[in-house]
Amino acid sequence: MTPKQLQVTLNNLRSLSSENEVVEFKEAKNTYDFTKLGKYFSALSNEANLCGKPNAWLIFGVEDKKHTIVGSQFRPKRKDLDSLKGELANKTTNRISFIEIYELPEPEGRVVMFKIPAAPKGIPVSFDGHYYARDGEELVPLNLEKIERIRAQATTEDWSVAIIPDAAFEDLDQDAIDLARKNYKSKFPEKAAEVDTWDDVKFLNKAKVTIKDKITRTALILLGKDESEHFLNPAEVKIRWKLVDENNNDIDYEIFGLPLILSVEKVFAKIRNIKYRYMKEGTIFPDEVAKYEPFSIREAINNCIAHQDYTKGARINVIEMEDQLVFTNHGTFIPGSVEKVVIEDAPEEFYRNKFLATAMFNLKMVDTAGGGIKKIFNFQRARYFPMPDYDLSEEKVKMSISGKILDMDYARLLAQNKDLSLEEIMMLDKVQKKNPLTAFEEKHLKSKKLIEGRKPNYFIGLKVAQNTGQKAEYSKNKGFDKKYYLDLIVKSIKEHKELTRSDVDALLWNKLPEWMEEQQKKNKIGNLLSELRIKEIIENKGTFGNPKWSLKK
């Protein structure tokens, strides 16, 4: 927006008689609580959706009653203001962030204008795992009725159920139909004998792939001949497999089209699922396993097919790296939270492609009610491998599956602590990947003494270390108590009469906890020297910039 457009927008907002569901004024003269800011972002985004508005506004530097400009010095540096996008995105549904942040210099003071996008159709926006809304000018939890109204938007149209009038059964691939029959009988063995008496038309109707002998988009996606893809234009119903090296350079690729029920197996065959050999750890680990559980590969590809937003005209991607598989499909993650699907075992209330998902379930291509995703997590758990990673930004779903042990300490922890819940394992997985923990996760892991250290540098706790043979690793992370360091400094000064700051650094550096970064170690040593000086045990006979510490007489 141009400065003139911003000025007009600000004047229009200030002319309102009061704040409403999609407009909020804050003085925020110098600072503003980050958590409360996130709650307002969630609330205003959800209310904009419910009000049919493309966006909402949060204005800093304007008084909320008379709407007079008072000015704000909230994050005065532009780079700090821009970094707010990522900070908030890390705690919101699908990493949704601000569209734009504007600064408007007014004679009365600086005004900061946050243009907040409406929640995407079908997906309420949460902050730090909670949904918020507005009740007039008040900030309140998003009630169930509003949540359901937003989520119901995802079901207004099912692209996959549409009938293609010009398509006929001759446009379907017979090998694909035969595989569909085989899978259907395996899924419903009690119907196997009856299925053999059905012709293809009746079978596809019964399997809910076609509707009253009519060819649907779902039928073409799963069973259509390759030359029938024009019926689905402009949708790009293809899967691209790509092999890359450690520098992300392309080594090989291939594109697979209709019928996707056969293409899934072709992509699966391309992936080099070689054996992964564990380091010997007594009898804890087996000698070797396949890098990836076959179920996990097929389930991930089929999930991409079931949940792809085909109106985007994009392909599904399967990227094979040295020790990782990455699967991407376009479209927002409708459940909103991977944790909700996995931990709560919560069935999906809404589907982007409900007809397609039902057909794939009947043809034994996907599990239902989120069970397939949870199985992938449990397969990784059984191997002591890292949990799958999900990136839900940019209106697409990106899932990564690791094919090796990332951290042997984490693997030992899983191997010898069978009573850990899947939720706790997912929390600890964040620790091994150095990903930030929520306040609840930090509190829970610390209360069970599973982690120690300071945010964000956590490490395995004493109880776990003793149970998993990591006592030495724990001690290196824990370090020594303060008295040890103080006594060591005094003893060394007695021996050498005088120590410079670099001498003290060399004395203590490798004895400090391993989780500390360089600056943290410098600060720790500086605090120890200050304590000895304040207690008049040592004194500086050099200068401030070049200290020479000796014992005080």
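In which helix is the place of L88? In this predicted model, L88 is located in helix α3. L88 has a relative accessibility of 1% and therefore counts as buried, the cut-off being under 20%. Although L88 and G38 are 50 residues apart along the chain, their C-alpha atoms are separated by 6.4 Å.

The chain as a whole contains 21 helices and 20 strands. It has 553 residues, of which 49% count as buried. Among contacts with a separation of 6 or more, 63% are between residues 24 or more positions apart.

The loop between β2 (55-60) and α3 (78-89) contains S72. S72 counts as buried, because its relative accessibility is 1%. A polar atom of the S72 side chain lies 3.1 Å from the backbone nitrogen of F74. When residues up to four places away in sequence are not counted, S72 touches E27, A28, K29, F60, G61 and R110.

Helix α5 spans residues 174-187, 14 residues in total. The distance from its first C-alpha to its last is 20 Å, close to the 20 Å expected at 1.5 Å a residue. At the start of α5, the backbone nitrogen of D175 has a side-chain oxygen of D173 within 2.9 Å. A176, I177, A180, R181, N183 and Y184 are the buried residues of this helix. The elements that cover these buried residues include α6 (192-195), α7 (200-206), α8 (217-223), α9 (260-270) and α12 (354-362).

The axes of α9 and helix α10 (residues 294-307) come within 10 Å and cross at roughly 140°. This angle makes α9 oblique to α10, and the crossing is right-handed. On the α9 side, the contact is made by L260, V264, E265, V267 and F268. On the α10 side, P294, I297, R298, I301, N302 and I305 take part.

Several backbone features fall in loops. Most residues other than glycine have a negative phi, and most peptide bonds are trans. A cis peptide bond joins L258 to P259, with omega at about -10°. P259 is in the loop between β9 (250-256) and α9. A cis peptide bond is also present between N233 and P234, where omega is about 5°. P234 belongs to the loop between α8 and β8 (239-244).

Positive phi values occur at D128, where phi is near 55°, and at K434, where phi is about 60°; neither residue is a glycine. D128 occupies the loop between β5 (126-127) and β6 (130-135). Its relative accessibility is 30%, so D128 counts as partly exposed. K434 lies in the loop between α15 (422-432) and α16 (439-447). With a relative accessibility of 64%, K434 counts as exposed, because the value is over 50%.

W509 sits in the loop between α20 (501-508) and α21 (518-534). At 24% relative accessibility, W509 counts as partly exposed. Apart from neighbours within four places in sequence, the residues in contact with W509 are E518, K521, K522 and I525.

Conventions
Residues are numbered from 1 along each chain as its sequence is written. This is a predicted model: local features need pLDDT of at least 70, side-chain atom pairs count only at pLDDT 80 or more; totals for chains, interfaces and linings use all residues. Side-chain values use heavy atoms; hydrogens and water are left out. Helices (H or I, at least four residues) and strands (E, at least two) are DSSP runs, numbered from the N terminus. The expected span of a helix is 1.5 Å times one less than its number of residues. Buried means under 20% relative accessible area, exposed over 50%, partly exposed in between (1.4 Å probe, protein chains only). Contact means heavy atoms within 4.5 Å. A polar contact is a pair of N or O atoms within 3.5 Å; within protein, one must be able to donate a hydrogen and the other to accept it, and residues adjacent in sequence count only if both atoms are side-chain atoms. Axes are lines fitted to C-alpha atoms, for helices over the stretch in contact, and angles run from 0 to 180 degrees between N-to-C directions. Angles under 35 degrees count as roughly parallel, over 145 as roughly antiparallel, 65 to 115 as roughly perpendicular and the rest as oblique. A crossing is left-handed if the near helix is turned anticlockwise from the far one by less than a right angle, and right-handed if clockwise.
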